[in-house]
Amino acid sequence: MRLAILSDLHGNREALSAVLADLAVRAVDRIVVLGDIVGYGPDPAWCVDRVRALVDAGAICVLGNHDAAIAGTGAGMGTTARAAIDWTRPRLDPAQRGFLAGLPLTATLDDLLFVHASANDPGDWIYVTSDHKAMPSFRVSAARVIFCGHVHVPALMSCDRAGRVAQQRIPMGQPVPLIRSRRWLAVLGAVGQPRDGVAQAAYGLFDTELNELTFRRVPYDVATTVQKLRAAGLPEALALRLMKGE
Ligand code: ZN
């Protein structure tokens with residue numbers, strides 16, 4: 001089975017469209033969305049409708065902190081993130097808000113675990129930014145591969161039989177064998193708001209038979225998204241972030 005794994009869409013219609021077009025020609029059997037469908041971007045309603053249609057067609061989707069903040073107060077978020085949530089909330093109808101509120105914190109498929117942030121406390125929105133920060137996830141979960149997002153920077157960690165966790169180099173666009181003698185944690189990067197200095201949408205392809213993970217980058221129409229962000233009156237910092245990809 002070939003899985004396409006998408007995280008942190010963040011209301012970016014152009015980026016999500018580019019990723020869906022890219023995976024459409026790659027014989028994908030199932031789509032997984034790791035949360036943060038909304039927040040920051042100018043097209044939250046479109047993105048929720050698109051993901052809802054994917055879920056109706058069999059996709060797996062888990063809850064992100066921005067999705068959760070729609071039903072909550074946005075407490076604990078930074079000023080910019082909170083301003084964007086306050087802008088987003090009234091632009092979703094009750095059915096769209098209900099869809100977000102109904103998303104689970106985690107999902108599994110065979111020996112794979114899907115979670116937005118850290119597997120050890122999924123609702124605490126901990127950033128897995130290093131091998132050290134990945135250790136608690138390996139400790140609480142027996143999954144062979146944990147897929148997460150939230151950081152917006154792609155990363156790959158492995159855990160050997162002795163429990164030693166190490167960060168692995170990612171050859172972008174090349175399949176990485178996730179050898180079975182280790183367990184793995186993959187941070188997928190962001191579809192809609194990359195932060196690794198590359199202004200392109202990020203997502204992953206995982207082949208469960210070949211046991212290979214490919215981190216993909218897809219160019220998208222950044223100028224259009226930036227134009228919409230500015231027209232919406234969203235914070236200028238968000239426009240600059242998309243242009244730089246950081
Ligand atoms: Zn995010």
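Strand β2 (residues 30–33) pairs with β3 in the parallel sense over 2 bridges, where strands are DSSP runs of E with at least two residues, numbered from the N terminus, and two strands pair if DSSP finds at least two bridges between them. The model is predicted, so local features need pLDDT of at least 70 and side-chain atom pairs count only at pLDDT 80 or more, while totals for chains, interfaces and linings use all residues. Residues are numbered from 1 along each chain as its sequence is written, and side-chain values use heavy atoms, with hydrogens and water left out.

Within β3, I60 is the bridge partner of V32. Both strands belong to an open sheet of 6 strands with mixed pairing, in the order β3-β2-β1-β11-β12-β9. Because β3 (60–61) and β9 (175–177) each have a single partner strand, they stand at the edges, and one side of each is left without a neighbour in the sheet.

Helix α2 (residues 44–56; helices are DSSP runs of H or I, at least four residues) has as its buried residues P44, C47, V48, V51 and L54, buried meaning under 20% relative accessible area with a 1.4 Å probe and protein chains only. Seen down the axis of α2, these residues fall within an arc of 125° (taken from the directions from the helix axis to the C-beta atoms), so they line one face of the helix. They pack against α1 (13–24), β2, β3, α4 (79–88) and α5 (94–101), contact meaning heavy atoms within 4.5 Å.

The structure holds 0 disulfides, a disulfide being a pair of cysteine sulfur atoms within 2.5 Å. Two cysteines are listed below.

| Cysteine | Relative accessibility | Class |
|---|---|---|
| C148 | 1% | buried |
| C159 | 5% | buried |

The sulfur of C148 is 14 Å from the closest cysteine sulfur, in C159, which is too far for a bond.

Methods
Buried means under 20% relative accessible area, exposed over 50%, partly exposed in between (1.4 Å probe, protein chains only). The expected span of a helix is 1.5 Å times one less than its number of residues.
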